[in-house]
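Take a slow walk through this model with the structure open beside you.

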Protein chains: 2
Amino acid sequence: MLNVDDMGGDRYIQSVFRALKMMEYIAECRQEAGLTEIGRGVGLSKSTTHGLISTLERCGYIRQNPATGKYSLGLKLFELGQAYAAGLDLREVALPYLRELSARYQETVHLAVLSEGDVVYIDKVDGPLSIGIRSRVGGRNPAHCTGVGKVLISAVDPKKLELLYAGKTMKRFTEHTVTDWDTLRSELQKVREVGYAWDREEFENELWCVAAPVRDGSDTVAAAISLSGPAQRMKSTDREQVAADVLNTAQKISRQLGYRDG
Amino acid sequence: MLNVDDMGGDRYIQSVFRALKMMEYIAECRQEAGLTEIGRGVGLSKSTTHGLISTLERCGYIRQNPATGKYSLGLKLFELGQAYAAGLDLREVALPYLRELSARYQETVHLAVLSEGDVVYIDKVDGPLSIGIRSRVGGRNPAHCTGVGKVLISAVDPKKLELLYAGKTMKRFTEHTVTDWDTLRSELQKVREVGYAWDREEFENELWCVAAPVRDGSDTVAAAISLSGPAQRMKSTDREQVAADVLNTAQKISRQLGYRDG
DNA sequence: AACTACGTTCGTTAATATCGAACGAACAAT
DNA sequence: ATTGTTCGTTCGATATTAACGAACGTAGTT
């Protein structure tokens, strides 16, 4: 997956592809990475790596620690990332609703989209009490074991989904994680019917959440929202009520994005 | 500046450089951009542009609107931008102090760093009353006419500064904007002496701000903070007091970043 | 219906990125 | 001190690779 040579398909610019993978590798490291290590990570020689890396550095996409000589992500990525966020209606529109929902239950609320079969968190509102929920805006989680993930892939055309997940193994995180395709498929069917998805300790122990889809003007599921909390607290609240509230909030956002007939 | 061929210096990977400039061009557009337009923007043929653009698209750095065929920034940039922010101590450390300062004066507070002679805003805390202050986290402003900018370049080695600004004209934004080098130089000297910088409608009419430097463990000026507000309100507060408070807040952040002898 | 502008594809050619080898510096171990 | 290792960096020859112009299909417009 990190190896640079495994990209079938049409014509693409090799050096650009390699440079991007290097940035992603550095991001995965979560800390400064040496040039040799980066080269090893993407499967390229030191000198090739150096050429690409120094180009990225000169443009501000990565920076070199003058003390250690190692590399980390650069400011330009932050700038462009914020420019991306600024261009999204979704985030702006959703935020007040997320706040409202979070305030009602005193729990953390997330806004997420699908990317290459994974879930990426676009925004969140932390609940005042929520301790232990480890999520990061901009972070990436698997779809098969999260509430937002199940909602999002339940809206994907089954044939495309089959293709996307072909050969992929579903990683187990807890004893409740669904790891076989048949169980997941029937669960997705249920999600489509009721309109929301539960995740009861499928990703993290002691963590529950309910999620619902957000649709845009073109009738596409553009995102999903979820409310997450410790299993104990979530058990003691009216589950029907929470699910209805999450669903209702998602529909309000959808309508504001131009979705009709919610 | 956007033309792709004007990069002197060492060896760098042409196609990577070009691809990065394309992303930056799209970001500058603030909206979807067509392929032909992007090509024109960076000075490349349509087919070359297409190769680079489609590579970026396949990796998620830009995306193509299926309806219009036009391109905008992609989710991956947001992910990496957030990863960059997560790796910064600066932001995390500063936030509580920024909040405190903002709350005391009910005005907007900014945290910014220097990048290629410009100011880039890393974070901000909006005041409850501040209307009309147009700033965006991730946004870029000129250094010569902003409080944070003057603070940041006052700490740059004068020879390097001279080199960085050689030939550059300082754009005029208001009637108070300093546009000649000599005046700016003497102003920077004053900033170094008193430790903070005022901007009184040099960038935007009716907008004042005070800024002070944040230093890190290696004695380098790593960032600057500022407090901004409408000229009227800022005039009616004790200016000595505000400046002292901003300076003091900056020093507290500096100390927490490992700076000694503040 | 003709026309324009767009995104896309393709083949050739020359420009360009790639790689191995070698260098100097920093650091650790002996 | 000295040796050995590891790191980031530089360089030049070679072959891969990306660049370009021209042509295609498709929308939307005149």
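Helices here are runs of at least four residues that DSSP assigns as H or I, and they are numbered from the N terminus. The model is a predicted one.

Now look at α10(A) itself. This helix runs over residues 239-256 of chain A.

Which residues of α10(A) are buried? They are Val242(A), Val246(A), Thr249(A), Ala250(A), Ile253(A) and Ser254(A). An α-helix has 3.6 residues a turn, so residues three or four places apart point the same way. Seen down the axis of α10(A), the buried residues fall within an arc of 140°, so they line one face of the helix. They pack against three elements of chain A: α5 (89-105), β7 (207-215) and β8 (221-230). Turn to the other side of α10(A), and Glu240(A) and Gln241(A) are exposed.

Next comes helix α8 of chain A, residues 181-194. The same length check works here. The 14 residues of α8(A) should span 20 Å at 1.5 Å a residue, and the end C-alpha atoms are 20 Å apart, which agrees. Leu184(A), Leu188(A) and Val191(A) are the buried residues of α8(A). They cover an arc of only 55° around the axis, which puts them on the same side of α8(A). Their cover includes α6 and β6 (197-200) of chain A. The other side of α8(A) has exposed residues: Asp182(A), Thr183(A), Ser186(A), Gln189(A), Glu193(A) and Val194(A). Just after this helix, Gly195(A) has a positive phi of about 95°.

How do helices meet? Two packed helices are described by the angle between their axes and the distance between the axes. Take α6 (residues 147-154) and α8 of chain A: they pack at about 85°, with their axes 9 Å apart. An angle of 65 to 115 degrees counts as roughly perpendicular. α6(A) and α8(A) are therefore roughly perpendicular to each other. On the α6(A) side, the contact uses Lys150(A), Val151(A), Ile153(A) and Ser154(A). On the α8(A) side, it uses Glu187(A), Leu188(A), Val191(A) and Arg192(A). By class, the residues of this contact are 4 nonpolar, 1 polar and 3 charged.

A second pair sits in chain A. Helix α2 (residues 35-42) and helix α3 (residues 46-58) pack at an angle of about 105°, with their axes 9 Å apart. α2(A) and α3(A) are therefore roughly perpendicular to each other. Leu35(A), Thr36(A), Ile38(A) and Gly39(A) of α2(A) meet Lys46(A), Thr49(A), His50(A) and Ile53(A) of α3(A). This contact divides into 3 nonpolar, 4 polar and 1 charged.

Finally, step back to see both chains. How many residues does each chain bring to the contact? Chain A brings 42 residues, and chain B brings 42 residues. On the chain B side, the elements that give two or more residues are α1 (14-29), α3 (46-58), β2 (71-73), α4 (75-86) and β3 (108-115). Of these, α4(B) gives the most, with 11 residues. The chain B side holds 24 nonpolar, 12 polar and 6 charged residues.

Notes: Residues are numbered from 1 along each chain as its sequence is written. Chains are lettered from A and ligands numbered from 1 in the order in which they are written. This is a predicted model: local features need pLDDT of at least 70, side-chain atom pairs count only at pLDDT 80 or more; totals for chains, interfaces and linings use all residues. Axes are lines fitted to C-alpha atoms, for helices over the stretch in contact, and angles run from 0 to 180 degrees between N-to-C directions. Angles under 35 degrees count as roughly parallel, over 145 as roughly antiparallel, 65 to 115 as roughly perpendicular and the rest as oblique. Two residues are in contact if their C-beta atoms, placed from the backbone, lie within 7 Å. Ala, Val, Leu, Ile, Met, Phe, Trp, Tyr, Cys and Pro count as nonpolar, Asp, Glu, Lys and Arg as charged, and the others, Gly among them, as polar. The expected span of a helix is 1.5 Å times one less than its number of residues. A residue is buried if 20 or more other C-beta atoms lie within 10 Å of its own, exposed if 12 or fewer, and partly exposed in between; C-beta atoms are placed from the backbone. The arc is that of the directions from the helix axis to the C-beta atoms.
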